[in-house]
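The sequence and structure are shown first.

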Amino acid sequence: MGGHATARPARRAATPSGLPLLDPPPPQARLETTATPIPPAPRAARWIPRAILIAGLLATGLSTALIWRSAEMRDRLVFLHATEIELRTVEDQFRTYTALLRGAAGLFAANDDAVTLAEFRAYVERIEFQSLYPGFLGIGFTPTMPAAERERFAARAEALGVPGFRVRPATDNPLISPVLFAEPPNPRNQAAIGYDVMSDPVRRDMVERARDTGLPAASARIQLVQEIDANKQAGFLVAMPIYAGGPVPPDLDERRRRFLGFIFGAFRADDLFNSIVAAEAEEDAAFAIYDGLPSEATLLHRSARGSSAAAGRLTRETTLELGGRIWTVRFEQRVSPRRGSALLEVGLVCGGGLLATALLGFAAFRQRRTQDEIRRLNASLEARVEERTRALRDAADRLRQAGEDRARMEEVLRQSQKMEAVGQLTGGLAHDFNNLLAGISGSLELIEARIGQGRSKDVAKYIVAAQGASKRAAALTHRLLAFSRRQTLAPRALDTNRLVEGMLDLIQRTVGPAIDVQHVGADDLWPALVDPSQLENSLLNLCINARDAMPDGGRIVIETGNRWLDRRQAEAQDMPEGQYLSLCVTDTGSGMPPEVVARAFDPFFTTKPMGAGTGLGLSMIYGFAKQSGGQVRITSEVGVGTTVCLYLPRHRGAVDAEVPDPERRPMAHAGAGETVLVVDDEPTVRMLVTDVLSDLGYTAVEAADGAGGLRVLQSDARIDLLVTDVGLPGGMNGRQLADAARVGRPGLKVLFITGYAETALLGNGQLEPGMAVMTKPFAVDALASRIREMIVS
């Protein structure tokens, strides 16, 4: 780069942030930097100004060509738009006029061809014919009759209000159609009164087409009878048929037999098209309309050439089908002065482009000199920038390392908290289940010892002890399932006030006489769809907790109410907005501090001494409320008391009838040949169920998995009931087994036995008819009763 001396490395100074800064170079170094020669510019940079000039000229030429092309495209679009406006205007106006003729035809059809001239004239005046329908020369009525009734019809015309009526000209046609009415009553329309439309082949073709099709029919190009002066124009008629009875008959013979005549509209072509086509459209596109192929003989109308518009290069030819006639429309472009010329735009773009090119070229030359200055400055700053970059890179590495260390520490903390929660959960479970298993295993060992000793009279109390411990284990399992929201619920539409009233005596006996229990029930309380037994257990647990918080006595208030939570209230309660039933238990006990309230729903968390509680009560209540679609909330103040509220969604149906408590009955025995298939992967459960079935006289068939059960069901063996676990090995669960079995046995009854409510059981939210579910563990007599009920139902 040059022969200047190398400067000493700059000293680093520490900043408050810990990042090094460079000392300013000494004066000698600055002098040496100033003397640094300018590095040579890249070879390509020398051609940039010339390239800009060439590119600017090319862009100017291209822009000019594009402007010229866009001007041509604009003229084409304007021309096509104008032609479309004219075509749509003609079509829309024809539909409007045919609708007007259809309305007049309805007048005659409704009166069976007995409309007088005064009535018809009043109708024409009501529709404001002359002011609302420009270009319409006249509207009239023409009856059709046999030629033999010519004279008699003249007398009838007198009666209808047309004096001096005479049919003309004389023809040999078997049918005549003389014009009876023609409105408005001006000299042109009066000249058409009595003219026989059937005497002219062109007009007769129009009448016959209208009669046979039931649709409006247009005539070919004609000279109207109304042309009574020297200013004659080409014209045409439109006929709307009238049938006796009103509607168009379905077949051709019936249409000809019931044909009464037609309403006609007479049009002078020049007057019509000059009045309906907008003058602005004709400034851009002149048109000529022909009846059929273009020729002077078929010309209906041609636009008048304006003095200020010049002819263009664009043309268009299309056809219109109106009233059964094919009209040919030719368009020619007109260049209107108001559209302006594209030459001014082309000149502006070309001149502006040349000017911009010159300015850009000058700016490029100036930029090249500026870049030379910048390169000279960059040469002196490269060393300082490189050293600063190294310092910033070192600082970024230190910050990244610190962030990684913090993330690792947070992960270790989360893992330790997770293990602490798992340890607490497993410790509580182990403590409670070890106590229960000790009672069960000890009782069974003593039963075995007493039976071996021949002391069978002592066996009963050990059986009772083992059953009691197993029931408490089942209750603990149900609480765990309630906390995890996997328990099997049997919801019913309940009147919660009635449920609370029925439990008041039990609650009072449970909490003792030192505590006053009150019930405040809301009037017109909404029903709730919940499991009654789970709600009773939850209420009883809350009252027991309240009693424990009031060792010296106090008051418990059980309150129900209707709650409508808006969005703000629902978000505060972590619930969807809507209508809820609330069940609140309030005590006057010692209360809880905020840190205890925050952990109240944690499993196995309790403030009671060891052995006085499991810590699953509130967890079970929380799980039950969430599984029922609701929520639980606690408010408490130390020294004042605690309120626990259950919020349950409102049920829109009626309250279910009360179900009486089932009485213990002897187990019913099986009928002759009744067979039950038992599918369970647990051998002990399978053995117990089959032994119960055998004792009751059923034929029991066993299977250890879904595939084995399905083979039995696909055989010809008699199966009256399928008893299956939901969770089965081998890739097929109990619900899938039942669905597959019902393909070949549509009426098969199925009893599911499950340890908890697997999601596979209730795929669509409910069981199908002929299916039921029981939760393990269950009583033997309950199982026998349910099996008998399902078989005989």
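A residue is called buried under 20% relative accessible area, exposed over 50% and partly exposed in between, with a 1.4 Å probe and protein chains only. Helices (H or I, at least four residues) and strands (E, at least two) are DSSP runs numbered from the N terminus. The model is predicted, so local features need pLDDT of at least 70 and side-chain atom pairs count only at pLDDT 80 or more, while totals for chains, interfaces and linings use all residues. Residues are numbered from 1 along each chain as its sequence is written, and side-chain values use heavy atoms, with hydrogens and water left out.

Helix α21 spans residues 734-744, and its buried residues are Gly734, Arg735, Leu737, Ala738, Ala741 and Arg742. Because these buried residues fall within an arc of 155 degrees seen down the axis of α21, they line one face of the helix; the arc is that of the directions from the helix axis to the C-beta atoms. Val743 and Gly744 are exposed on the face turned away from the buried side. At the start of α21, the backbone nitrogen of Arg735 lies within 3.1 Å of a side-chain oxygen of Asn733.

Strand β10 (residues 285-291) is mostly covered, with seven of its seven residues buried. One side carries Ala285, Phe287, Ile289 and Asp291, the other Ala286, Ala288 and Tyr290. Its pairings, which require at least two DSSP bridges between two strands, are tabulated below.

| Partner of β10 | Sense | Bridges |
|---|---|---|
| β13 (residues 325-335) | antiparallel | seven bridges |
| β11 (residues 299-302) | antiparallel | three bridges |

Ala288 stands opposite Arg330 in β13, and Tyr290 faces Leu299 in β11.

Definitions and conventions:
A polar contact is a pair of N or O atoms within 3.5 Å; within protein, one must be able to donate a hydrogen and the other to accept it, and residues adjacent in sequence count only if both atoms are side-chain atoms.
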